[in-house]
Structures are given as C-alpha cells and as structure tokens.
Amino acid sequence: MAANDSGGPWPGGAGVGGVSEAAARGGDRHAAVTAVHAWLAACRGPAGPAEVARFPFAPVLRRYRAVGRAYAGDELVTLLRTVHSRLPGDGRARLAWPLPEWLPSTADQTGGGYDGYLAAPLLDSPAGADLPAHRAAADLLAALAADLLELEVRALGRRPGRVPRQRARACLGVLARLRDDAVPPPSADEELADLAGAWIAETGETIAPRVRVVTELSLLPMTPLHDELMFIRCLQLFETLYRRIGDALEAARDALVRLAVERARVLVADAARLLALSPPLYRVVTTMPPAAFAVIRAHTDGRSAIQSRGFRRVEALCAGTLQEAVLRAGDRLGGVATARVCAELGRLDEAWCAMKRTHWGITLKIIGTVPGTGGTTGAEYLRRAAGVPLFPALAARPVEVPA
C-alpha cells in the first residue's frame, strides 16, 4: 500500500487494482496553485477567449488525476471557485467555453450529484455553430471509446495479467462496435497494443477539436485509483449513448406525428443499433475488482446512475409521447401501416430490458445486495426495474408484421 497527499494508503502499483499512471507519477499541488494564482493575477475582468486560452488546464488536471478530486486540496479548490466567479454572465458565458461547463466539477467534492461526477455539462457542450449536435455526439462516443482503450492498453503494458488483458480486449470491443469492425482472435499483448494504437490513431483523425477538448477535461476522478478512470469513461459513454438514443427516439416520435411511418421505423432501428454498444461496455465494467469499487463507492455516495438524465429521458419518452404517437398513427392509418415500426419498437424494448438485466447481474457480482449509492435498495431495485417494459401499452398488443 502506498500513501501520499491523496489521503492514502492506496494499493501499490499502477493499473487494474492499483493506482492510476498519473498517481504513480505524482501531482504537484504547488505547481497547480501557483499557475492558477498567476492566471487570476493577469485576468483583470470577466474572462473571454484570450483568457481561457491562457488558463493552466494542464497542471490542474495533473493534480486532480494524481490525487483525486476528493484530495485536490482546499487552496486549489478555493482558487478554482474564484476563477468561476470571474467568468462572464449567462449572456456571454459561451465566450469563456469550456470553463463555465468544467469548473463546477472541480469543486463539488461534497454534495455533488451524478452530473457533476461525469462532468455532464461539459459532455453536453461541444456542439456549436461549426459542429452540429449529431456530429458532436457521434464524435464524443468515438473519442471517449478511443481514450478508454488507450488508457487500458497503457495499463496492460505496466501490469500484464489475465484481468488487465481481459479489460483491454473488452475496450477494443467497444471501439470495434463503433467502427462496425470485428475483434480479431486472441493474440499477444504486443499485437493487441499495435492494433489498438492503429484504431486509436484512425479515430483521432476524425474527431472535431472541441470534442478533443471535452474528452481531455472530463476525466476528473474522486480517487487516485486506475479503476475509477475506467469507470468514469464507461459511465460517460453510457450517458452519451442514452443521449443519442433519446435524440433518435424524439425524431421518431415527431415523424409519427407527421405520419411518416417509414422514417420513424428507420430512426427506431438506429436507436436499437446504438443500444448494441451496451453489451461490450458492460464487459469492460465486469472487470472492476470489487475491492476497488468499494473504495470508489465510499467516495461517491449520492452520485448514482439512477440519477442519469439520459436514461430517464429515454424511459419517459418511450412510455409517454412516443408510445402515444404510434398508437395515434395506428388509429389513423391502420395497424398494418404501423406494424413494422411496432416490430422495431419491440426489438428495442427487448434490448433495453436485456441491458437492465445485465446491469442487475453486474451489480450483484460486484457489490452484492448492499443498498445503492442513490438511496435505492441496490440490486433488488435493479431486478424490479429490469421487468418494466419501455412501451407498456404496446407490450400487451401482439404485432403481426406484413410479409
């Protein structure tokens, strides 16, 4: 076990089951504090693009990743709150991007929620005049998946073994799903690293610059544990996935209102294809050592995936206005006209419930039957939730799809 100014002792060694690579290198609190002091001294008024360009993100990130958000130090956190107070008001906040979206997650060590833990406002922010929302969301999924893979391939190089190898291959599977590629048969660690490096480089060439910034800044762990970096990236991938699924389903609802049934069917099928990313993501999460997760849980009380806005949006949309729209379209056009879209909705429902059952199973494996961090009964709550269909009114109606 290793102790440092991050409140240790922590597990020794870097990688799966140990501390992060950044924690092994160490983070200089004095360097981060000095850099932010200097920035504040030079910033005479509300921060604009020029001031943001000079902000010392690098030393602050090094500090946070080395010791964890919970141990960043009162002086640095207070300075970052002061930086936040120097930002322009709502009407001009966009001029200071990404500071307004990022800073709250640096200073919510206690009392923060799930959005703050994931830096969700930052994840939501890359779209702009030159970057449409659908492109930003697609790029963000790819960038997060590539960064997760790079993180675990580096960790495998530092600490080879069965679980690190299993995790690295699972991360390769996530990016493979996004690329519509196949993961090759098991190979030596060096060959795995070579393939991962090639895929990461190819992915990086397509990512918009604003998305690269968001990816870099959004990794703010509470602890120095390597496994928390993996966990945050997976949760961010899930949240981004839910957002894209929700967008597709909202568009499908609007298409049904216009009686554009075929367009709605295509959009629901797109949502189902996106959801196919969840099984490989869960394979990554299953490599979490229970001892590491126990430490992470102790530092994230009150920050639960049950608070996910994206997940709740999908479930509310499906059981509400989307379901109503398909029923109305069926009343107006007849059941035969809407049968194909209903079949796609049924496939989506099956996949969504399967995802929830997987979540329940993983929870039992990693934490057992202890209460959840969001105030729920934990695995028992997930077991009950897994049986709730997305489209309760449609679930009772058998769909006969025309040949």
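## Exercise 1: a charge and a ring

Find what sits over the ring of Trp97. Solution: the charged end of Arg210 lies over that ring, 3.9 Å from its centre. The term applies if NZ of Lys or CZ of Arg is within 6 Å of the ring centre and within 35 degrees of the ring normal.

Before going on, note that this is a predicted model, where local features need pLDDT of at least 70, side-chain atom pairs count only at pLDDT 80 or more, and totals for chains, interfaces and linings use all residues. Residues are numbered from 1 along each chain as its sequence is written, and side-chain values use heavy atoms, leaving out hydrogens and water.

## Exercise 2: the whole chain

Describe the secondary structure and burial of the protein chain. Solution: start with the secondary structure, which comes to 20 helices and zero strands. These are DSSP runs numbered from the N terminus (helices: H or I, at least four residues; strands: E, at least two). Next, turn to burial: 51% of the 403 residues are buried. Buried means under 20% relative accessible area, exposed over 50%, and partly exposed in between (1.4 Å probe, protein chains only).

## Exercise 3: around Ser308

Is Ser308 buried or exposed, and what does Ser308 touch? Ser308 counts as buried because its relative accessibility is 2%. Then list its contacts (heavy atoms within 4.5 Å): leaving aside residues up to four places away in sequence, Ser308 touches Tyr114, Glu239 and Tyr242. Finally, the Ser308 side chain reaches the backbone nitrogen of Phe311 at 3.0 Å.

## Exercise 4: aromatic pairs

How many aromatic pairs does the whole structure have? Solution: a search finds eleven. Rings of Phe, Tyr and Trp (its six-membered ring) pair if their centres lie within 6.5 Å; planes under 30 degrees apart count as stacked, over 60 as edge-to-face and the rest as tilted.

Step one: Phe238 and Tyr282 make a tilted pair, 4.8 Å centre to centre with 45° between the planes. Phe238 is in helix H13 (residues 226–257) and Tyr282 in helix H15 (residues 278–285), 44 residues apart. Both residues are buried.

Step two: Phe311 and Trp352 make a stacked pair, at 5.1 Å and 25°. Phe311 lies in helix H17 and Trp352 in helix H18 (residues 335–367), so this pair ties together parts 41 residues apart in sequence. Phe311 and Trp352 are buried.

Step three: ring pairs join Phe238, Tyr242, Tyr282, Phe311 and Trp352 into a cluster.

Methods: Polar contact = N/O pair within 3.5 Å; in protein donor to acceptor, adjacent residues only side chain to side chain.
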